[in-house]
Amino acid sequence: MSALLEVESVSKAFGGVQANKDISLMVPEGSIVGLIGPNGSGKTTLFSSIVGQYPIDNGSIRFEGEEISRLRVPQIARLGLLRTFQQTRIYGQMTCMQNMIISASVRKRGFGEMFHGQHDPAVSKHAEDMLEFVGLYEKRLLRAGSLSFGQQKLLEFAMALMNEPRLLMLDEPTAGINPTLINGLIDRLKRANAQFGITLFVIEHNMRVIMNLAEHIYCLAHGELLAAGTPDQIRNDPNVLDAYLGAH
Amino acid sequence: MLLFQAPVISADLIINGLLIGAIFALAAYGMALVWGVMNIINIAQGEFVMLGGYVAMILFWNGIHPLFSVAVAPFVLFFVGWALYKLVVFRVVDRDLFVSLLATFGLSILMQQLMNTVFTGNIQTAQSGLGTIQLGSISILSIKVVAFFFTIILGGCLVVFMRKSRLGQAIRATSQNARAARVLGVDTDKVYAVTFGLNAAICGAAGAMVAMAYSIHPYIGLPYTIRAFMIVVVAGLGNIAGVVLAGLGLGAAENVASFVLGTEFQLAFTFCLLVVVLVWRNTRLAAKRQYLK
Amino acid sequence: MNVPVRKLVGYAALLAFGVAAPYLFPAYHSQLAELWLFVVFALTWDLVGGQMGYNSFGNVLFIGVGTYACAVVQVGLFYNVANYTSSDGGDLTIYVFDATQFLTGLAVGLPVAAVVAGLVAIVFGSAVLGMRGHYFAICTLGLGVAAGQIAAGWDWIGAGGGMSSPNTPASLGDVTVLLYYLAFGLAVLTFIMIRALLSTRFGLALNAIRDDEDKAEAMGLPTIYIKVTAWAMAAVMLGISGGILGNLKRFIDPIDVAFAGETYGVWMVLMAILGGKGTLWGPVIGATVFQVLKEVFWTYLLGWQRVALGLMIVVIVVFFPQGILGWAREKFPEWFGHRIDRSRTGETAREPAE
């Protein structure tokens, strides 16, 4: 399996705080990779750096073999590298369907395509299918801002799927979700990977979820890469246990 | 260019520029205060300056020496600011910043037009009759120098007030974290009212000096607002030294530009400078994938 | 476009009214023309403000550019502009325009105004639209006022003394009626353009930028192109309206007519908010109500009309920010095609309302 995403010796500091230090990791194409670590270990910062929200201080980030660390957020997104946000971001004043339609992939289209109607049947069908996939079909005409927190998270996930990414980076996809619904979400993530061929890179705090979901896991602590391996290896790694239970 | 062939003229320009620049810095300090404490950008800032100027004019017209207005104007304007807060501003404090921009813009237009209707659009000066000072071959109006020193003293008093007095500390606490301040028993609404009134008073003092040392009319407001805003953007909220330096620098720059470009382009220079400053600032932030917040 | 019959009838009625208005209200030709210009001001402001979230205080930049561009072309096609402005165009014996010249001037001037205004938007847009929120608002305010000040110092176009619009030839009769129909036509065109735009993905993109610009970027939308395009579209319509305005007012003052930041510039924001920000009909309704109120103030509150307007701005912004349509939507949700969602009481599904 070739590497879809390669992060090499990436460092990022904010003022005096070293958020990421010399981090190297790799996400193989078609896989599901996890990123864990206690609060403040630099996981979200790393995600943000990868998608171009922050310029990195050192290192290299390659997507599909091409260097992306100098590119801007929209450019990287158009290459097929998307992320969802920890605080769940959707377009609150638009309906779910509209959220979906505007999330349709722009990679295959030119700027002029934006002036086509909103009700393209192929796009609408795709949107409805994705909403159905996450279980939001009945809510499709509601204003997105009126959905519950969990429903908004699902909508954000559906919007990401709509965009047909190659690699989808999810920042704590199960945070704040009712525990009874988490299995359903894990199932959908696996199906997105298996059926739609989307590579997943997931930040998670819920150990049960990530052990169940990921094939390979990286653990960060204090901004550095602490451990890497299969779920079993990570589960038994004393350094990881220390990092979570030990002193900060 | 003319500037370097006639060094006397340029020193004169710069000194006069610094003198007015101190007044700009004062208005900027007030704007930063309100912005930092209440998260409101007061577009009517210049109108408070203008009103202060008219207080000086009213004293002058009634035979009272306008220097007294330096004490009277802040007093009057404090109540104007406090009243405007209680009537209008408190309703927009918690809302979108654009709403507060529009509301204060509306207030600014209201006050301009009110003054224009009552006092006409004539340009006025409150003559203080203090003559001129000679610095070598440069001749400076004494009132400008008096105004400059008074501004420094007022600025100093304000800084001390904010650091040492209980009210000043309450204001600073609220600006850092309003919710925490409330929890600790600070009446934030009262703090906001006092802050807004204090800002108006500061501008009132500035305006009184402008009326004496320069001139006023109902429409001087917007340029003062823009100057204050520019200074705050360049210096940053909370950077007093920066505000002073930026204010002085702006005064000098404007004066020089007015000489070089012609007085008919003075305001054009000020507003173009605003655009340039904002675009430059934003572009530099954009290189770091950020934008002005 | 699929439009239900009752809507078509409604549109037809409005069009008929618009066409007939000069004959119904013969004493108010210029106010009616100004009304349609206000509709254009409000609609274009709302496109960038209410729909896209970029609240501009400086759209007068485009109006002023259009006013002067059109006037310069109207004069420049036949006479030397510098001479014209230095003599203030007052010498009727020299600066005569016959019907053909006048109409040609307009026919060339208005498109030129459109193009120049559009170019200005593109040139400044890339830099200025990179700023958000209040910085954008104040920066555009600065742009508008700066342009007015520069125009007031530029001798070629008359500097502070302004510039007269070309004298209308007697053979054309009351040119105000012609200008009225031009303004009306422009308003209709602007409405159609915006209505069409809002039904495309571009319209959705505008709303996405308004709702969460960072998210829009993170989803790959080319936000800077979208923003500049929207502003340029507004600018083109505003440029043409500026050309019409200059002829309507007969005399182009750089600060009170062309780059009128503290009148037209603020009024257009108010009109959109008064009618209902972010809707299609809101700006139209707001412009109409505003123009009527303004004329009432001017007639009955002479001397204090501007103070009253200033007060009105404050009152609307503070107490009535949802505007007429926003208020109506809350009171009568069924009118807007809302559907009640059975599973969650209190929340309604809705078709996108106009």
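# Close-up views of a predicted model

**A residue of chain B: B:Leu19 sits in helix 2 (residues 7-38) of chain B.** Here and below, helices are DSSP runs of H or I with at least four residues, strands are DSSP runs of E with at least two, and both are numbered from the N terminus. The structure is a predicted model, in which local features need pLDDT of at least 70 and side-chain atom pairs count only at pLDDT 80 or more, while totals for chains, interfaces and linings use all residues. Residues are numbered from 1 along each chain as its sequence is written, and chains are lettered from A and ligands numbered from 1 in the order in which they are written. B:Leu19 has 26 other C-beta atoms within 10 Å and is therefore buried (a residue is buried with 20 or more other C-beta atoms within 10 Å of its own, exposed with 12 or fewer, and partly exposed in between, the C-beta atoms being placed from the backbone). Leaving aside residues up to four places away in sequence, B:Leu19 touches B:Lys144, B:Val145, B:Ala147 and B:Phe148, where a contact means that two C-beta atoms, placed from the backbone, lie within 7 Å. B:Thr188 lies 169 residues from B:Leu19 along the chain, and 36 Å separate the C-alpha atoms of the two.

**The largest nonpolar core has 300 residues.** Such a core is a set of buried Ala, Val, Leu, Ile, Met, Phe, Trp, Tyr and Cys residues joined through C-beta atoms within 7 Å. The members that touch the most others are A:Ala158, B:Ala27, B:Ala28, B:Ile231, C:Ala117, C:Ala183 and C:Met271. Helix 9 (residues 188-213) of chain B provides the largest share of this core, 18 residues. In chain A, domain 1 (1-80 + 165-248) and domain 2 (91-163) both give residues to the core, so the core lies between them. One of the members named above, B:Ala27, touches B:Gln45, B:Val49, B:Cys203, B:Ala206, B:Tyr224, B:Arg227 and B:Ala228, not counting residues up to four places away in sequence.

**Chain A is divided into domain 1 and domain 2.** The bounds come from an automatic or database domain assignment. Taken over C-alpha atoms, the centres of domain 1 and domain 2 of chain A are 25 Å apart, and 12 residues of domain 1 are in contact with 11 residues of domain 2. On the side of domain 1 that touches domain 2, helix 6 (residues 179-195) of chain A gives the most, with 3 residues. That side of domain 1 consists of 7 nonpolar, 3 polar and 2 charged residues, where Ala, Val, Leu, Ile, Met, Phe, Trp, Tyr, Cys and Pro count as nonpolar, Asp, Glu, Lys and Arg as charged, and the others, Gly among them, as polar.

**An open sheet of 4 strands in chain A has the order 2-1-4-5, with antiparallel pairing.** Strand 2 and strand 5 (66-67) of chain A stand at the edges, each with a single partner strand, so one side of each has no neighbour in the sheet. Strands count as paired if DSSP finds at least two bridges between them. Strand 1 (residues 3-14) and strand 2 (residues 17-28) of chain A pair in the antiparallel sense over 8 bridges; A:Lys12 has A:Asn20 in strand 2 as its bridge partner, and A:Phe14 stands opposite A:Val17 in strand 2. The hairpin of strand 1 and strand 2 of chain A has 2 residues between the strands, and A:Gly15 takes a positive phi near 60° there. Strand 1 of chain A also runs antiparallel to strand 4 (residues 58-63), to which 5 bridges join it, and A:Val7 has A:Ile61 in strand 4 as its bridge partner.

**The contact between chain B and chain C takes 36 residues from chain B and 35 residues from chain C.** Helix 5 (97-119), helix 10 (221-235) and helix 12 (266-287) of chain B each supply at least two residues of the side of chain B that touches chain C. Helix 5 of chain B gives the largest share of that side, 14 residues. The residues on this side of chain B divide into 29 nonpolar, 5 polar and 2 charged.

**The contact between chain C and chain A takes 23 residues from chain C and 27 residues from chain A.** On the side of chain C that touches chain A, two or more residues come from each of helix 8 (201-218), helix 9 (223-249) and strand 4 (348-350) of chain C. The largest share of this side, 11 residues, belongs to helix 8 of chain C. By class, the side of chain C that touches chain A has 10 nonpolar, 5 polar and 8 charged residues.
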